[in-house]
Amino acid sequence: MQIYLDSANPGEIEEALSWGVISGVTTNPSLIANETGGSASLVQRICKILGGKKPVSVEVLSTAAEDMVKEARRIALLAPNIVIKIPMGVEGLKAVYQLSQGVERVKCNVTLIFSVNQAILAARAGAAFVSPFIGRLDDIGWDGVGLVREMVDVFTKHNTDTAIIAASIRHPRHIHEVAMAGAHIATVPFSVLKQMISHPLTDLGVERFLRDWAKTRTDEVF
Ligand code: G3P
């Protein structure tokens with residue numbers, strides 16, 4: 001399973017990339033609104049940090065299909081590695097269909113997916129990615145990981161080549177579970193990515209190795 005960073009913060013993105021574990025970035029309007037400066041220049045900066053190759057999802061704000069398509073085309077011109085995030089809905093499906101069929105073949109990530117049926121429709125319309133929001137489903141007492149499991153099952157049974165990005169990840173257990181469920185990608189906030197690294201027994205283990213060495217060895221370490 002690939003890991004994307006769910007962030008619009010250039011510092012976080014640079015740091016996570018240096019760990020060698022990040023295959024792409026997803027942003028959304030809320031994440032971009034938290035950052036300073038112009039949104040177009042921020043997006044270009046993020047795309048450059050990703051080397052102009054690894055995908056960066058950027059969401060449209062328009063709500064009518066024709067406006068979404070125009071906005072998507074403007075956003076797509078900012079960098080070669082942009083994927084357009086489009087919210088699920090009738091207008092969103094129309095926009096995805098136009099963008100994925102058009103000569104420019106803009107890649108779309110259909111966002112705010114909360115059911116298998118929504119995922120099937122997004123894939124049929126031509127989405128390259130679908131983003132089920134598992135944390136927000138858990139918040140209302142539903143089973144976010146269960147949705148990802150069912151989506152993987154349906155897409156596998158029907159040879160659907162749309163990639164499933166598990167989004168709205170709240171804690172490291174979510175990542176373990178969506179990986180087990182077969183999600184192709186998990187998009188992870190920086191705070192959760194850091195949590196994934198740590199385990200108290202790892203920290204204790206390092207401490208113990210250093211302590212044992214210091215007890216008997218006075219020579220230089222290798
Ligand atoms: O980027 C979309 C998604 O990951 C948002 O997560 O925490 O706002 O539900 P959250």
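The structure is a predicted model, in which local features need pLDDT of at least 70, side-chain atom pairs count only at pLDDT 80 or more, and totals for chains, interfaces and linings use all residues. Residues are numbered from 1 along each chain as its sequence is written, and side-chain values use heavy atoms, with hydrogens and water left out.

The secondary structure of the protein comprises eleven helices and eight strands; helices (H or I, at least four residues) and strands (E, at least two) are DSSP runs, numbered from the N terminus. Along the principal axes, the C-alpha atoms fill a box of roughly 75 × 40 × 30 Å. Of the 222 residues, 45% count as buried, where buried means under 20% relative accessible area, exposed over 50%, and partly exposed in between (1.4 Å probe, protein chains only). Among contacts (heavy atoms within 4.5 Å) between residues at least 6 apart in sequence, 59% join residues at least 24 apart.

The eight strands close into a barrel in the order E1-E2-E3-E4-E5-E6-E7-E8, with parallel pairing. The twist from one strand to the next averages 30°; axes are lines fitted to C-alpha atoms, for helices over the stretch in contact, and angles run from 0 to 180 degrees between N-to-C directions. Two strands pair if DSSP finds at least two bridges between them. In general, strands of a sheet pair through backbone hydrogen bonds, either parallel or antiparallel.

Strand E5 (residues 108-113) pairs with strand E4 (residues 82-87) in the parallel sense over four bridges. Within this pairing, isoleucine 86 stands opposite valine 110, and proline 87 has threonine 111 as its bridge partner. E5 is also joined to strand E6 (residues 129-132) by three bridges, again in parallel, and here isoleucine 113 faces proline 132. Five of the six residues of E5 are buried, so the strand is largely enclosed by the rest of the structure.

E4, helix H5 (residues 90-101) and E5 form a right-handed β-α-β unit, as do E5, helix H6 (residues 116-125) and E6. A crossover is right-handed if, with the strands pointing away from the viewer, the path from the first strand over the helix to the second runs clockwise. Helix H4 (residues 65-76) lies across strand E3 (56-59) and E4, and runs at about 155° to E4. Helix H10 (residues 190-197) packs on the sheet, where it touches strand E1 (2-6) and strand E8 (185-188), and its direction makes about 135° with that of E1.

Serine 62 is located in the loop between E3 and H4. This residue is buried, with a relative accessible area of 19%. Apart from neighbours within four places in sequence, serine 62 is in contact with Asp67, Met68 and Glu71. Its side chain makes a polar contact of 2.4 Å with the side chain of glutamate 71; a polar contact is a pair of N or O atoms within 3.5 Å, and within protein one must be able to donate a hydrogen and the other to accept it, while residues adjacent in sequence count only if both atoms are side-chain atoms.

The ligand is surrounded by Asp6, Asn28, Lys85, Phe133, Arg136, Ala167, Ser168 and Arg170, a residue being near a molecule or strand if one of its heavy atoms lies within 4 Å of it. A polar side-chain atom of aspartate 6 lies 2.5 Å from an oxygen atom of the ligand. For arginine 136, an N or O atom in the side chain is 2.7 Å from a ligand oxygen atom, and for lysine 85 a polar side-chain atom lies 3.3 Å from an oxygen atom of the ligand.
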